Amino acid sequence: MARETWTDHRLDDLNRRVDEGFKDMREEIRAVRLEMSTQSAAQHRTMVQIFAGLFGTFVIGFIGIVVTILTQV
């Protein structure tokens, strides 16, 4: 069984490949973070719209009840 020798050239090549792999991984993580940020902003906007609609409905319902009570007096 032959023993491999690690020359400076081979170590430099390995180091370069490892750095490229981490560079690719960093780019993918950055893309995922951007996508998550975009989705989070869209979800926040949707939640605000839903809560504003519910609040408006409650206010209109309350006003309707008050007007009904006042007209019955």
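Begin by selecting Arg16 and Asp13, whose side chains meet in a salt bridge with N and O 2.3 Å apart; bear in mind while looking that this is a predicted model. Arg16 and Asp13 are separated by about one helical turn, because they stand 3 residues apart in helix α1. Colour the pair by accessibility and you will find that Arg16, at 42% relative accessibility, counts as partly exposed, and that Asp13 counts as partly exposed too, with a value of 26%.

Arg17 and Asp13 both belong to helix α1, where 4 residues, or about one turn of the helix, lie between their positions. Arg17 is partly exposed, its relative accessibility being 47%.

Next, return to Arg16 and select Glu20, which forms a salt bridge with Arg16 in which the closest N and O atoms are 3.1 Å apart. Here again the two partners are in helix α1, 4 residues and about one turn of the helix apart, and Glu20 counts as partly exposed at 41% relative accessibility. With Asp13, Arg16, Arg17 and Glu20 shown together, you have a network of linked salt bridges before you, and the count of salt bridges comes to 3.

Now hide the charged residues and select Trp6, Leu11, Leu14, Val18, Phe22, Met25 and Ile29, which make a nonpolar surface patch of about 600 Å². One of them, Leu14, has its place in helix α1, which covers residues 8–72, and at 32% relative accessibility Leu14 counts as partly exposed.

Finally, zoom out to the whole chain, which has 1 helix and 0 strands. The radius of gyration is 31 Å, well over the 11 Å that the globule rule gives for 73 residues, so the chain is more spread out than a compact globule. Turned along its principal axes, the chain has C-alpha atoms that fill a box of roughly 105 × 20 × 10 Å. As a last stop, display the charges of the chain, 9 positive and 10 negative, whose mean positions are 4 Å apart.

Definitions and conventions
Residues are numbered from 1 along each chain as its sequence is written. This is a predicted model: local features need pLDDT of at least 70, side-chain atom pairs count only at pLDDT 80 or more; totals for chains, interfaces and linings use all residues. Side-chain values use heavy atoms; hydrogens and water are left out. Patches are made of residues with over 30% relative accessible area and no salt bridge: like charges are joined within 9 Å, nonpolar side chains (Val, Leu, Ile, Met, Phe, Trp, Tyr) within 5 Å. Accessible areas come from the Shrake-Rupley method with a 1.4 Å probe; for residues, only the protein chains shown count as cover. A salt bridge is a side-chain nitrogen of Lys or Arg within 4 Å of a carboxyl oxygen of Asp or Glu. Helices (H or I, at least four residues) and strands (E, at least two) are DSSP runs, numbered from the N terminus. Buried means under 20% relative accessible area, exposed over 50%, partly exposed in between (1.4 Å probe, protein chains only). The radius of gyration is taken over C-alpha atoms; the globule rule is 2.2 Å times the number of residues to the power 0.38. Lys and Arg count as positive and Asp and Glu as negative; His and the chain ends are not counted. The place of a charge is taken as NZ of Lys, CZ of Arg, CG of Asp or CD of Glu.
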